[in-house]
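Here are some notes for a colleague who is starting to read protein structures. Please keep the picture open while going through the points one at a time.

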Amino acid sequence: MTNIPGTDIGRRMGRPPLGVKETKVRLTDEQRERIVALVGNQGMAQFIREAVERELKRRERKA
């Protein structure tokens, strides 16, 4: 390969990894509509992650 100044072959381009893994979740139409009404389509994943985290903490405290 050619040695071009300023290039860094080992660096990744784009957004850094979020440290999350895609998981399919089945929701009713009503649940989806309620979430979208609160946070919009773009906020759905974060809303679900936060809800899961709250529920995990609640159940862990209870156990």
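1. A residue is called buried when its relative accessible area is under 20% and exposed when that area is over 50%, with partly exposed covering what lies in between. These terms are applied below to a model that is predicted, and they should be read with that in mind.

2. Helix H1 spans residues 29–39 and is hardly covered, since the count of buried residues among its 11 residues is 1. Just after H1 comes glycine 40, whose phi is positive, at about 80°.

3. How do the axes of H1 and H2 cross? Helix H2 is made up of residues 44–62, and its axis comes within 10 Å of the axis of H1, the two crossing at roughly 105°. Angles of 65 to 115 degrees count as roughly perpendicular, and therefore H1 and H2 are described as roughly perpendicular to each other.

4. The contact between these helices is made by Arg32, Ile35, Val36 and Val39 on the side of H1, and by Met44, Phe47 and Ile48 on the side of H2.

5. Side chains of opposite charge can pair when their charged atoms come close. In this model the count of salt bridges comes to 2, and Glu55, Arg58 and Arg59 are linked in a network of such bridges.

6. Taking the partners in turn, glutamate 55 forms a salt bridge with arginine 58, where the closest N and O atoms are 2.7 Å apart. Both residues lie in helix H2 and are 3 residues apart, which is about one turn of the helix. The side chain of glutamate 55 also meets that of arginine 59 in a salt bridge, at 2.7 Å from N to O, and this pair, again within helix H2, is 4 residues apart, also about one turn of the helix.

Note on methods: Residues numbered from 1 in each chain as written. Predicted model: local features only at pLDDT ≥ 70, side-chain atom pairs only at ≥ 80, totals over all residues. Heavy atoms only, no water. Buried < 20%, exposed > 50% of the residue type's maximum accessible area, 1.4 Å probe, protein only. Axes fitted to C-alpha atoms, helices over the stretch in contact; angles between N-to-C directions. Parallel < 35°, antiparallel > 145°, perpendicular 65-115°, else oblique. Contact = heavy atoms within 4.5 Å. Salt bridge = Lys/Arg side-chain N within 4 Å of Asp/Glu carboxyl O.
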